[in-house]
Amino acid sequence: MNIRKATAADAADLVRFINMAADDLPLHFWRKTVGPQGDALALGRERAARETGSFSYRNAWLAEVEGAVGACLLGYAAEETPGPIDPDTPPIFVPLLELEALAPGSWYLNVLATDAAFRGRGLGSALLAEAETIAAAAGHAEISLIAADTHQEALRLYRAKGFQEIARRPVVKEDWAVEAGEWILFTKPVGAR
(Lines give C-alpha, C1' and ligand atoms only; values in the text may rest on other atoms or scores of the structure.)
Protein backbone atom coordinates (compact mmCIF):
# COMPACT_ATOMS: atom_id res chain seq x y z
CA MET A 1 0.00 0.00 0.00
CA ASN A 2 1.13 3.52 -0.82
CA ILE A 3 -0.42 6.68 0.63
CA ARG A 4 0.11 9.82 -1.41
CA LYS A 5 -1.17 13.38 -1.65
CA ALA A 6 -3.92 13.79 -4.22
CA THR A 7 -3.40 15.94 -7.30
CA ALA A 8 -5.85 17.84 -9.49
CA ALA A 9 -5.68 14.89 -11.89
CA ASP A 10 -7.32 12.75 -9.19
CA ALA A 11 -10.56 14.76 -9.30
CA ALA A 12 -12.69 11.90 -10.66
CA ASP A 13 -11.51 9.55 -7.89
CA LEU A 14 -12.09 12.23 -5.27
CA VAL A 15 -15.67 12.76 -6.47
CA ARG A 16 -16.27 9.01 -6.27
CA PHE A 17 -15.01 8.78 -2.69
CA ILE A 18 -16.65 12.01 -1.51
CA ASN A 19 -20.00 10.71 -2.73
CA MET A 20 -19.40 7.24 -1.31
CA ALA A 21 -18.66 8.65 2.15
CA ALA A 22 -21.78 10.85 2.20
CA ASP A 23 -24.31 8.55 0.52
CA ASP A 24 -24.36 10.71 -2.63
CA LEU A 25 -25.28 13.90 -0.75
CA PRO A 26 -22.67 15.94 -2.70
CA LEU A 27 -24.00 14.57 -6.00
CA HIS A 28 -27.56 15.37 -4.90
CA PHE A 29 -26.51 18.96 -4.14
CA TRP A 30 -24.52 19.32 -7.39
CA ARG A 31 -27.55 18.12 -9.38
CA LYS A 32 -29.64 20.84 -7.79
CA THR A 33 -26.92 23.38 -8.54
CA VAL A 34 -26.54 22.57 -12.26
CA GLY A 35 -30.20 21.79 -12.96
CA PRO A 36 -31.63 19.03 -15.15
CA GLN A 37 -29.52 19.92 -18.20
CA GLY A 38 -26.22 20.26 -16.34
CA ASP A 39 -23.48 17.75 -15.62
CA ALA A 40 -23.40 17.27 -11.85
CA LEU A 41 -20.32 15.04 -11.89
CA ALA A 42 -18.45 17.62 -13.98
CA LEU A 43 -19.24 20.22 -11.31
CA GLY A 44 -17.94 17.83 -8.64
CA ARG A 45 -14.72 17.21 -10.58
CA GLU A 46 -14.30 20.97 -11.05
CA ARG A 47 -14.68 21.53 -7.31
CA ALA A 48 -12.24 18.71 -6.47
CA ALA A 49 -9.65 20.09 -8.91
CA ARG A 50 -9.76 23.59 -7.38
CA GLU A 51 -6.76 25.01 -5.58
CA THR A 52 -8.90 26.22 -2.66
CA GLY A 53 -12.01 25.14 -0.78
CA SER A 54 -12.69 22.30 1.60
CA PHE A 55 -13.17 19.73 -1.18
CA SER A 56 -9.97 20.74 -2.97
CA TYR A 57 -7.54 17.99 -3.90
CA ARG A 58 -5.05 19.88 -1.71
CA ASN A 59 -6.90 18.48 1.35
CA ALA A 60 -6.89 14.87 0.14
CA TRP A 61 -4.70 11.78 0.34
CA LEU A 62 -5.18 8.54 -1.56
CA ALA A 63 -4.23 4.97 -0.65
CA GLU A 64 -3.10 2.88 -3.60
CA VAL A 65 -2.69 -0.86 -3.87
CA GLU A 66 -0.70 -2.12 -6.86
CA GLY A 67 -1.21 1.24 -8.59
CA ALA A 68 -5.00 1.31 -8.14
CA VAL A 69 -6.66 3.92 -5.93
CA GLY A 70 -8.47 2.02 -3.19
CA ALA A 71 -9.30 4.60 -0.52
CA CYS A 72 -9.41 8.32 0.19
CA LEU A 73 -8.88 10.65 3.13
CA LEU A 74 -9.96 14.28 2.95
CA GLY A 75 -9.59 16.64 5.88
CA TYR A 76 -8.69 20.12 7.02
CA ALA A 77 -8.60 22.42 10.03
CA ALA A 78 -11.99 23.14 11.55
CA GLU A 79 -12.74 26.76 12.39
CA GLU A 80 -11.33 27.86 15.74
CA THR A 81 -14.40 29.97 16.44
CA PRO A 82 -17.36 28.84 14.34
CA GLY A 83 -19.74 31.64 13.51
CA PRO A 84 -23.49 31.40 13.17
CA ILE A 85 -24.86 29.26 10.35
CA ASP A 86 -25.81 31.40 7.37
CA PRO A 87 -29.62 31.58 7.15
CA ASP A 88 -29.38 30.80 3.42
CA THR A 89 -27.68 27.44 4.11
CA PRO A 90 -29.76 24.60 2.63
CA PRO A 91 -31.48 22.81 5.56
CA ILE A 92 -29.95 19.49 4.52
CA PHE A 93 -26.49 20.80 5.59
CA VAL A 94 -27.50 22.50 8.85
CA PRO A 95 -27.14 19.41 11.11
CA LEU A 96 -23.65 18.77 9.72
CA LEU A 97 -22.59 22.37 10.36
CA GLU A 98 -24.05 22.22 13.88
CA LEU A 99 -21.99 19.11 14.63
CA GLU A 100 -18.81 20.53 13.07
CA ALA A 101 -19.16 23.57 15.35
CA LEU A 102 -19.00 21.28 18.41
CA ALA A 103 -15.35 20.43 17.66
CA PRO A 104 -13.75 23.85 17.06
CA GLY A 105 -10.06 23.87 16.23
CA SER A 106 -9.94 20.15 15.55
CA TRP A 107 -8.58 18.57 12.39
CA TYR A 108 -11.84 17.69 10.64
CA LEU A 109 -11.75 14.37 8.82
CA ASN A 110 -14.46 15.07 6.25
CA VAL A 111 -14.08 11.98 4.06
CA LEU A 112 -12.75 8.50 4.75
CA ALA A 113 -13.92 6.00 2.17
CA THR A 114 -12.66 2.69 0.82
CA ASP A 115 -13.76 1.16 -2.47
CA ALA A 116 -15.67 -2.10 -1.86
CA ALA A 117 -13.05 -4.09 -3.81
CA PHE A 118 -10.34 -2.95 -1.35
CA ARG A 119 -12.14 -3.36 1.97
CA GLY A 120 -10.62 -5.59 4.62
CA ARG A 121 -7.04 -4.75 3.61
CA GLY A 122 -6.36 -2.11 6.27
CA LEU A 123 -6.60 0.95 4.03
CA GLY A 124 -9.08 2.71 6.32
CA SER A 125 -6.89 2.06 9.37
CA ALA A 126 -3.80 3.28 7.52
CA LEU A 127 -5.55 6.47 6.45
CA LEU A 128 -6.79 7.10 10.00
CA ALA A 129 -3.19 6.81 11.18
CA GLU A 130 -2.16 9.20 8.40
CA ALA A 131 -4.88 11.63 9.57
CA GLU A 132 -3.36 11.60 13.06
CA THR A 133 0.10 12.30 11.63
CA ILE A 134 -1.26 15.19 9.56
CA ALA A 135 -3.25 16.60 12.48
CA ALA A 136 -0.28 16.40 14.85
CA ALA A 137 2.07 18.04 12.32
CA ALA A 138 -0.43 20.90 11.94
CA GLY A 139 -0.61 21.37 15.72
CA HIS A 140 -4.13 20.06 16.32
CA ALA A 141 -4.91 18.37 19.63
CA GLU A 142 -8.02 16.61 18.34
CA ILE A 143 -9.46 14.93 15.26
CA SER A 144 -13.18 15.09 14.56
CA LEU A 145 -15.40 13.33 12.05
CA ILE A 146 -19.09 12.88 11.29
CA ALA A 147 -20.56 9.56 10.20
CA ALA A 148 -24.04 8.39 9.27
CA ASP A 149 -25.67 5.93 11.66
CA THR A 150 -26.07 3.43 8.79
CA HIS A 151 -22.32 3.10 8.11
CA GLN A 152 -21.84 0.24 10.56
CA GLU A 153 -18.40 -0.91 9.37
CA ALA A 154 -17.05 2.64 9.58
CA LEU A 155 -18.59 3.15 13.03
CA ARG A 156 -16.91 -0.04 14.29
CA LEU A 157 -13.57 1.14 12.88
CA TYR A 158 -13.82 4.60 14.46
CA ARG A 159 -14.72 3.18 17.86
CA ALA A 160 -11.94 0.57 17.63
CA LYS A 161 -9.44 3.36 16.87
CA GLY A 162 -10.42 5.35 19.96
CA PHE A 163 -12.96 7.82 18.59
CA GLN A 164 -15.69 8.78 21.07
CA GLU A 165 -19.24 9.77 20.19
CA ILE A 166 -19.91 13.39 21.15
CA ALA A 167 -23.31 14.30 19.67
CA ARG A 168 -25.98 13.37 17.16
CA ARG A 169 -28.28 15.31 14.88
CA PRO A 170 -31.17 14.06 12.74
CA VAL A 171 -30.50 13.77 9.01
CA VAL A 172 -32.55 16.30 7.03
CA LYS A 173 -33.58 14.40 3.94
CA GLU A 174 -35.91 16.65 1.95
CA ASP A 175 -35.79 15.03 -1.53
CA TRP A 176 -32.50 13.21 -0.89
CA ALA A 177 -33.07 9.44 -0.91
CA VAL A 178 -31.03 8.07 1.99
CA GLU A 179 -31.59 5.48 4.72
CA ALA A 180 -29.56 7.25 7.41
CA GLY A 181 -31.51 8.70 10.30
CA GLU A 182 -28.77 10.47 12.25
CA TRP A 183 -25.38 12.08 11.81
CA ILE A 184 -22.92 11.23 14.60
CA LEU A 185 -19.99 13.43 15.63
CA PHE A 186 -16.90 11.61 16.90
CA THR A 187 -13.68 13.08 18.30
CA LYS A 188 -10.36 11.67 19.38
CA PRO A 189 -7.37 13.35 21.03
CA VAL A 190 -4.38 13.20 18.68
CA GLY A 191 -2.05 10.44 19.82
CA ALA A 192 -4.63 8.67 22.02
CA ARG A 193 -4.97 4.92 21.60
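**Helices, cores and ring pairs in a predicted model**

Phe17 lies in helix α1; helices here are DSSP runs of H or I with at least four residues, strands are runs of E with at least two, and both are numbered from the N terminus. This is a predicted model, where local features need pLDDT of at least 70 and side-chain atom pairs count only at pLDDT 80 or more, while totals for chains, interfaces and linings use all residues. Residues are numbered from 1 along each chain as its sequence is written, and side-chain values use heavy atoms, with hydrogens and water left out.

So where does Phe17 sit, buried or exposed? With a relative accessible area of 0%, Phe17 is buried (buried means under 20% relative accessible area, exposed over 50%, and partly exposed in between, for a 1.4 Å probe and protein chains only). Setting aside neighbours within four places in sequence, Phe17 is in contact with Val69, Gly70, Ala71, Cys72, Val111, Ala113, Thr114 and Asp115, where contact means heavy atoms within 4.5 Å. Gly124 is 107 residues away from Phe17 along the chain, and their C-alpha atoms are separated by 12 Å.

Next comes helix α3, which covers residues 40–48 and has Ala40, Leu43, Gly44 and Ala48 buried. These residues sit on the same side of α3, because they cover an arc of only 135 degrees around the axis (the arc is that of the directions from the helix axis to the C-beta atoms). What do the buried residues of α3 pack against? Their partners are α1 (11–21) and α2 (25–34).

Past α3, Glu51 is found in the loop between α3 and β2 (60–65). Glu51 is partly exposed, with a relative accessible area of 44%. Apart from neighbours within four places in sequence, Glu51 is in contact with Ser56, Tyr57 and Arg58. Two of these involve polar contacts between side chains: Glu51 to Tyr57 at 2.7 Å, and Glu51 to Arg58 at 2.4 Å. A polar contact is a pair of N or O atoms within 3.5 Å; within protein, one must be able to donate a hydrogen and the other to accept it, and residues adjacent in sequence count only if both atoms are side-chain atoms. Glu51 and Ala8 are 43 residues apart in sequence, with 8.2 Å between their C-alpha atoms.

In soluble globular proteins, nonpolar side chains tend to be buried together. In this model, the largest nonpolar core has 37 residues, and those with the most contacts inside it are Leu14, Leu25, Leu74, Val111, Ile146, Trp176 and Trp183. Helix α1 gives the most to this core, with 5 residues. There is also a second, separate core of 23 residues, which includes Ala71, Leu127, Leu145 and Ile184. A nonpolar core is a set of buried Ala, Val, Leu, Ile, Met, Phe, Trp, Tyr and Cys residues joined through side-chain atoms within 4.5 Å. Not counting residues up to four places away in sequence, Ile146 touches Leu96, Leu99, Glu100, Tyr108, Leu109, Trp183, Ile184 and Leu185.

How about the aromatic rings? Rings of Phe, Tyr and Trp (its six-membered ring) pair if their centres lie within 6.5 Å; planes under 30 degrees apart count as stacked, over 60 as edge-to-face and the rest as tilted. The count by this rule is 6 aromatic pairs. One of them joins Phe29 and Phe93 edge-to-face, at 5.1 Å centre to centre and 85 degrees between the planes. Phe29 lies in helix α2 and Phe93 in the loop between β3 (68–77) and α4 (94–100), so this pair ties together parts that are 64 residues apart in sequence. Phe29 counts as partly exposed at 29% relative accessibility, and Phe93 is partly exposed at 21%. The pair of Tyr158 and Phe163 is edge-to-face, because the ring centres are 6.0 Å apart and the planes are at 65 degrees. Tyr158 is buried at 6%, and Phe163 is buried at 3%. Ring pairs link Tyr158, Phe163 and Phe186 into a cluster.
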